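I opened a notebook page for this model and wrote down what I looked up. The entries follow in the order I made them.

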Amino acid sequence: MIVTLMILMPAVVGILCLLPVGTKNMFRTAVTGSLISTAVAVYCCIPPLRGETIDTVIWYVDELSAFFLMITAVISMLAVLYSKDYLLVEREEHRLSSKELRSFYFTLLLFIAAMLLTFAVKSAALTWIGIGITTLISAFLVGLYKDEHATEAAWKYIMLCSVGITLALFGIAMLYTASSGVIPGDASLEWPSLVANAANLNPVFMKFAAVFFIIGLGTKAGLAPMHYWLPDAHSQAPSPVSGLMSGVLLNCAMYGIMRFYIISEVVNPGFAKTLLLVFGLLSILVATAFILVSKDIKRMLAYSSVENMGLISIALGIGTPLALFGALFLVLAHSISKPLMFFCSGNMTQAYGTRAMSEIRGVTGKMRFTGLSTTAGALAVAGAPPFPLFTGELILLFAAINSGMYVLAGVLIILLAIIFAGLTRSIFPMLSGNTNKKVSERRSVTRKISILALVIGALFVGLFMPASVENVLLDMVTILSGGLP
Amino acid sequence: MESILTSNLIDIFAVCMLLASVLAMATTRMHPLIRLFLIQSIFQAAFEFTVAYSQDEPHIYIMAVMTFVIKVLVIPKMLYYIMDRIKVTDKLVLSVGVPGSMLLSAALIMLSYFVSEPLVATLATAERNTLVLSFSIMLISISMMATRRKAVSEVVGLLMAENGLFLGAIALSNGMPFIVELGAFFDVLMAVIIVGIFAFRINKSFDSVDDTLLRRMREE
């Protein structure tokens, strides 16, 4: 019941935003609505995080789902908050009409509802449908500016992701074939019953299912070599949406992969792991190369997302409890630090009117708040202590060394060092220096709140690990390794 | 009600679907391409009808009807409408020529026999063939998306891949749960609608819907 409410809330608020009540009121509706729906989501997620799984006919929220739901709800609320002033500027500078603003909020909130749906459903089929819907809806957000670049990006996004989703559907068909003889009736595609009966599934079918499912959803998660849509889509979308797509949407596909990974590892131990290791390493290699040559700040950040997804899938690929802990920690770290950096870059690109990093100089002098928060964001995204990405990467490296993968650990250290150098080399020069352009900080409370919340969140996760959080993460590790918590 | 006749019919329809895909690789114009998709969908509907009849599965009858309505009647109409409105040149731009595409298709069909070898051992004969055909259709359609440089041809490639997928799903397990099938149809339909919207937009800001556009945005 509460789960239904949690998913319907954003959708209802989205519809309310379409009412013709003036731009100011629309902003108010969107912000208040998303605050309330996040409160509902958090309220809904607390019992599962304490270990009381919600298990009804359609919904299934255990700790793993609740973890992703929490991240989604909180980050999307901050994105809505940040988007308020961002879009106001776009409106004032006549890049968007007020009609487009309305449809933007409508789509954005529907998009959030679809993401929540993906994590809360019980059946693999519904998870797939959720991921499909997020693609269709977010294509409009990518193509919001109706210029040629945005349209191209949206086109590429919908085409490549549709292929990915088709392949994932074939994976589901295979999964269904493997399970329909073992699990009777409607339960044959439900995640909990699949896990419970995993040992009896046909291993050959499950191998095919794993290949199709991981390649298909890997496309959506931005794993190389299927990542071509990602830099375009993430750079062409408006900054709040970029943050949401990087920080949360990629998680949707990763969540699907994780759920499938649990089953696949019981049936064919090591098969999904190998696949994920290969794709993960490829992603990091590709990301390293492109981070070094990117000239556009949002494209560079998008490649950094490819890198992070690669790290998470490598962690899944190693698959020891420590590595799985690292995977979940990396999910959390990425979901906080990437939106932070995208929001900061949104401030800068709007003030300077360009995304080319060579044309942005002297941010700290002109925009004190943005300069400071970008410093934090850059360190967070590049993976410097005390930010959580550093801890996550460290856990991953330890896990690799502990399981005897010395070559992998060595390669990772080198690549991560190059990425760190590449990101900081491009971001820090923007902060210092001088510019002739007339730029100034926007006086906006909502922007500051959303950015500050992310900085504080990142610092908190990076520095402290309360026992309760640790227990939740450990329980999720148990779920990921195929047990019941 | 399974008889030699129905199992032969199932095979024939499935093979015809593959033929449509291979012919699509050989076309250099867009209108015939859409027509081939239409023909493939007719065969798919026929295939589903025969399976439904021989297995006595009511929900596959519904699928057959839905395939016919959506993929034979609605989507080709929409594609023609889009083509007419945006006034593109009918010619396709091939990055791999027709002979090359034919060789590629042949190679992909052999590849699908090769990869489905371990699966095939566990299946009955009729399912075996359809599964391999479904793999081939998917692979050929996706490679068609990769080697044809027009927006509409990419959409047709995607739709044909979806047809191949349904063929495989029905061959393996008499279709999937109804909700998945509904979702898949919805997904296809929405994708075509959205693609249509973007095609209009592209048409506004470019001279033609030319899919060099999918290859333009690269790092400089």
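**Entry 1: helix 19 of chain A.** I listed the buried residues of helix 19 of chain A: Val472(A), Asp475(A), Met476(A), Val477(A), Ile479(A) and Leu480(A). A residue is buried if 20 or more other C-beta atoms lie within 10 Å of its own, exposed if 12 or fewer, and partly exposed in between, with C-beta atoms placed from the backbone. Helices (H or I, at least four residues) and strands (E, at least two) are DSSP runs, numbered from the N terminus.

Before going on I noted the ground rules. This is a predicted model, in which local features need pLDDT of at least 70 and side-chain atom pairs count only at pLDDT 80 or more, while totals for chains, interfaces and linings use all residues. Residues are numbered from 1 along each chain as its sequence is written, and chains are lettered from A and ligands numbered from 1 in the order in which they are written.

Next I looked up what the buried residues of helix 19 of chain A pack against: helix 2 (23-49), helix 3 (63-92), helix 10 (239-267) and helix 13 (321-352) of chain A. Two residues are in contact if their C-beta atoms, placed from the backbone, lie within 7 Å. I then checked the length of helix 19 of chain A: its 14 residues (467-480) should span 20 Å at 1.5 Å a residue, and the end C-alpha atoms are 20 Å apart, which agrees. The expected span is 1.5 Å times one less than the number of residues. After helix 19 of chain A comes Gly482(A), with a positive phi near 95°.

**Entry 2: helix 15 of chain A.** Helix 15 of chain A (368-382) has 15 residues and reaches 21 Å from first C-alpha to last, close to the expected 21 Å. I found 11 of the 15 residues buried, so this helix is mostly covered. Among the buried residues of helix 15 of chain A are Thr370(A), Gly371(A), Leu379(A) and Val381(A). Their cover includes helix 12 (297-318), helix 13, helix 16 (388-402) and helix 17 (406-431) of chain A. Gly383(A) follows helix 15 of chain A and has a positive phi, near 90°.

**Entry 3: helices 6 and 8 of chain A.** I looked up how these two cross. The axes of helix 6 and helix 8 of chain A come within 7 Å and cross at roughly 155°. That makes helix 6 of chain A roughly antiparallel to helix 8 of chain A. Axes are lines fitted to C-alpha atoms, for helices over the stretch in contact, and angles run from 0 to 180 degrees between N-to-C directions. Angles under 35 degrees count as roughly parallel, over 145 as roughly antiparallel, 65 to 115 as roughly perpendicular and the rest as oblique.

**Entry 4: where chain A touches chain B.** I noted 37 residues of chain A in contact with 36 residues of chain B. On the chain A side, helix 6 of chain A gives the most, with 20 residues.

**Entry 5: Ile183(A).** I found Ile183(A) in the loop between helix 6 and helix 7 (191-196) of chain A. Ile183(A) is partly exposed, with 19 other C-beta atoms within 10 Å. Leaving out residues up to four places away in sequence, Ile183(A) touches Ser188(A), Ser193(A) and Asn197(A).

**Entry 6: chain B.** I counted eight helices and zero strands in chain B. Of its 220 residues, 46% count as buried.
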